[in-house]
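User: I would like to work through this structure step by step. Please keep the answers brisk.

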Amino acid sequence: MSATGKKLVVYYSWGNNTKAAAEYLQQKLGADILQVQPKKPYPPDYNACVREVGRAGKEFEPELIDNIPDLSEYDVFFIGSPCWWGTIANPVRTFLHQNDFAGKTIVPFMTHGTSGLHVGDIKILCPEARVHDGLGIFNSYQVSTKKNTPDNMGDYRSDIDRWLVRIGF
Ligand SMILES: Cc1cc2nc3c(=O)[nH]c(=O)nc-3n(C[C@H](O)[C@H](O)[C@H](O)COP(=O)(O)O)c2cc1C
């Protein structure tokens with residue numbers, strides 16, 4: 001697994017917690033960053049969002065805003081997602097399905113309310129990528145109705161620091 005090469009941090013975040021982790025990671029790595037966003041935003045109300053996501057199902061791939069750069073110049077993709085219904089959020093699914101990661105390295109990170117890190121679907125969607133050991137970040141507002149509360153992820157910056165050392169980045 002290669003720690004060298006050009007890095008892109010890609011994330012989706014409904015409540016800005018994964019965003020905080022992604023932005024810290026970007027700064028630590030000196031990487032580029034991309035926020036994927038669905039064309040139709042999810043409801044700002046937590047319960048309405050959970051209901052809509054549940055109704056659409058985990059396989060649903062929402063259309064994304066067209067802000068994806070040329071990915072061919074990148075070697076390592078840090079892929080960040082909140083845990084949604086036990087897996088990656090649907091906009092991340094769209095991004096992984098619509099792009100080619102053959103021969104690339106994927107390093108997943110996921111913020112979650114208890115479920116932990118789930119990378120099974122990343123491996124299914126990107127069978128020819130090397131999927132690195134990821135990081136789960138516990139968000140104590142597991143059923144949060146609040147946005148912009150990265151403090152509820154404890155000392156996530158130190159967790160990220162230790163993780164990067166552990167995986168050789
Ligand atoms: C639609 C939806 C589904 C969720 N499903 C889970 C889940 O299955 N397991 C879990 O631990 N947390 C779940 N959560 C909680 C989020 O993973 C957690 O709050 C996360 O840190 C939010 O990240 P964000 O602020 O970047 O959106 C869910 C949240 C939402 C909005």
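User: Is phenylalanine 169 buried, partly exposed or exposed?

Analyst: This is a predicted model, so the values are computed from it. Phenylalanine 169 has a relative accessible area of 22%. Buried needs under 20%, and exposed needs over 50%. Phenylalanine 169 is therefore partly exposed.

User: Phenylalanine 78 and phenylalanine 169 form an aromatic pair. How many residues apart in sequence are the parts it ties together?

Analyst: The rings sit 5.3 Å centre to centre, with 75 degrees between the planes. Phenylalanine 78 lies in strand 3 (residues 76-84). Phenylalanine 169 lies in the segment after helix 5 (156-166). The pair therefore ties together parts whose separation in sequence is 91 residues.

User: What type of aromatic pair do tyrosine 74 and phenylalanine 77 form?

Analyst: Their ring centres are 6.2 Å apart, and the angle between the planes is 65 degrees. Planes over 60 degrees apart count as edge-to-face. So the pair of tyrosine 74 and phenylalanine 77 is edge-to-face.

User: Which classes of residue make up the shell around the ligand, and which class is absent?

Analyst: The ligand is surrounded by 22 residues, and Ser13 and Asn17 are among the closest. The shell has 9 nonpolar and 13 polar residues. The class with no residues there is charged.

User: How far is a polar side-chain atom of serine 115 from a nitrogen atom of the ligand?

Analyst: Ser115 is listed among the closest residues to the ligand. A polar contact needs N or O atoms within 3.5 Å. For the side chain of serine 115 and the ligand nitrogen, the distance is 2.6 Å.

Note on methods: Residues are numbered from 1 along each chain as its sequence is written. This is a predicted model: local features need pLDDT of at least 70, side-chain atom pairs count only at pLDDT 80 or more; totals for chains, interfaces and linings use all residues. Side-chain values use heavy atoms; hydrogens and water are left out. Rings of Phe, Tyr and Trp (its six-membered ring) pair if their centres lie within 6.5 Å; planes under 30 degrees apart count as stacked, over 60 as edge-to-face and the rest as tilted. Helices (H or I, at least four residues) and strands (E, at least two) are DSSP runs, numbered from the N terminus. Buried means under 20% relative accessible area, exposed over 50%, partly exposed in between (1.4 Å probe, protein chains only). A residue is near a molecule or strand if one of its heavy atoms lies within 4 Å of it. A polar contact is a pair of N or O atoms within 3.5 Å; within protein, one must be able to donate a hydrogen and the other to accept it, and residues adjacent in sequence count only if both atoms are side-chain atoms. Ala, Val, Leu, Ile, Met, Phe, Trp, Tyr, Cys and Pro count as nonpolar, Asp, Glu, Lys and Arg as charged, and the others, Gly among them, as polar.
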